[in-house]
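Welcome, and thank you for taking a look at this model. Here is a short tour to read alongside the structure.

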Amino acid sequence: MAIEMNPRVVHGLEGLVDASARPARLATGAGWSEGPMWAPARGSVLWSDIHGNRILEHSLAEGTTSVYREDVEFTNGRVLHPDGSIIQCSHGRRRIERDRDGTISEIVASFGGRRFNSPNDVVVAGDGSIWFTDPPYGIRIAAEGHLGESEYDDCFVFRYDPDSDEVRPVIVDIEEPNGLAFSPDESVLYVSDTSIASRKNGNHHIRAYDVVSGRCKNGRVFAVVEQGFSDGFRIDADGNLWTSSAAGVLVYSPDGALLGGIDVPETVANLCFGGPEGTTLFIAATTSLYAIETLTVDATRAGRTSR
Ligand code: MG
């Protein structure tokens, strides 16, 4: 009887990931890994160790892991701005901020005189506007920020326009918005609701909205993540959605069908595409950072090179 020495960990992702591939652990030792971002100018992945209140860096070329910054006020999600700076969420400072060559500055921290809860994840649209989610985890969980009160008694998704300095809620019907990403043409915004993290019968699904003139319309459930929840996700060049879950990485087609997944040894919180060709999927999973080669690239990278 043949003994399966290398059980497959990639399921049903023909054309997206080679069936024999498996995630490699690049680094470990974090408390709770989140917010991975490929930093092309550094040739490295930056990610948040939220419980460690620090940002870690793994150099792909060097194969080394180091502490990028300490005492970072509990950063979470981040995204590369087209100008090369990093836009990141700070639970502790309850704001969206910019890291430009190591110098941190505030972008936006409140709307209508009320501070945000604890911005969790962020994307930049093609028009330069900054969209982010604002769940309560950084003011409710001591290990992830500073305990405090919501100043608007809710959890919204916001859009900030750096040209006009206007910030406005664009989604108000999600209980606890968490991960977010645009479809390749930015006509659809996907946002996960992870309120099951706060209450037993809470939501664990991803919603989709039509984006019309900087506003979100026609909200509907795109996919229900049955194992755990979708803390963070990315969209590939074909519009497939790659999300974290308690079952590893799950991939959904643009019409919401579950295509398959990638087993990961630890609970996955978030992920990003990157590497020299943009085809490597980096996976932030509890204590560790993993990587696996794919046959696709991020929607935003594809969009920028084709414009
Ligand atoms: Mg998140």
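## The nonpolar cores

A nonpolar core is a set of buried Ala, Val, Leu, Ile, Met, Phe, Trp, Tyr and Cys residues joined through side-chain atoms within 4.5 Å. Buried here means under 20% relative accessible area, while exposed means over 50% and partly exposed lies in between (1.4 Å probe, protein chains only). In this predicted model, the largest such core has 19 residues, and those with the most contacts inside it are Val17, Trp242, Val249, Ile262, Leu281 and Ile283. Strand 23 (248-252), strand 25 (270-274), strand 26 (280-285) and strand 27 (288-293) each supply at least two residues of this core; strand 26 gives the most, with 3 residues. Helices (H or I, at least four residues) and strands (E, at least two) are DSSP runs, numbered from the N terminus.

What does valine 249 touch? Leaving aside residues up to four places away in sequence, its contacts (heavy atoms within 4.5 Å) include Trp242, Ile262, Leu281 and Ile283. A second, separate core of 17 residues includes Cys89, Phe156, Tyr160 and Val167.

## The magnesium site

Four residues coordinate the magnesium ion at 2.1 to 2.5 Å: Glu34 (OE), Asn120 (OD1), Asn178 (OD1) and Asp231 (OD). Donors are N, O and S atoms within 2.8 Å of the metal (3.2 Å for Na, K and Ca); water is not among the atoms, so sites may look incomplete. Along the chain, the donors of the magnesium ion follow the spacing E-x85-N-x57-N-x52-D. Asparagine 120 lies in the loop between strand 12 (114-115) and strand 13 (122-124), and aspartate 231 in the loop between strand 20 (215-224) and strand 21 (233-235), so this pair ties together parts that are 111 residues apart in sequence. Both asparagine 120 and aspartate 231 are buried.

## Aromatic pairs

The whole structure holds 15 aromatic pairs. Rings of Phe, Tyr and Trp (its six-membered ring) pair if their centres lie within 6.5 Å; planes under 30 degrees apart count as stacked, over 60 as edge-to-face and the rest as tilted. Phenylalanine 132 and phenylalanine 158 are stacked, at 5.5 Å centre to centre with 25 degrees between the planes. This pair links distant parts of the chain, with phenylalanine 132 in strand 14 (residues 130-133) and phenylalanine 158 in strand 15 (residues 157-161), 26 residues apart.

Phenylalanine 156 and phenylalanine 158 form a tilted pair, at 6.0 Å centre to centre and 55 degrees between the planes. Both phenylalanine 156 and phenylalanine 158 are buried. One aromatic cluster is formed by Phe111, Phe116, Phe132, Tyr152, Phe156 and Phe158.

## A buried loop residue

Is alanine 30 buried or exposed? At 8% relative accessibility, alanine 30 counts as buried. It is found in the loop between strand 2 (24-27) and strand 3 (33-39). Not counting residues up to four places away in sequence, alanine 30 touches Asp49, Arg54, Leu56, Thr286 and Thr287. The C-alpha atoms of alanine 30 and alanine 285 are separated by 9.3 Å, although the two are 255 residues apart along the chain.

## Confidence and conventions

The chain averages a pLDDT (the predictor's confidence in each residue, from 0 to 100) of 94, and 95% of the residues score at least 70. Over residues 303-307 the pLDDT is below 50, and this stretch has 4 contacts in the model beyond near neighbours in sequence.

Residues are numbered from 1 along each chain as its sequence is written, and side-chain values use heavy atoms, with hydrogens and water left out. As this is a predicted model, local features need pLDDT of at least 70 and side-chain atom pairs count only at pLDDT 80 or more, while totals for chains, interfaces and linings use all residues.
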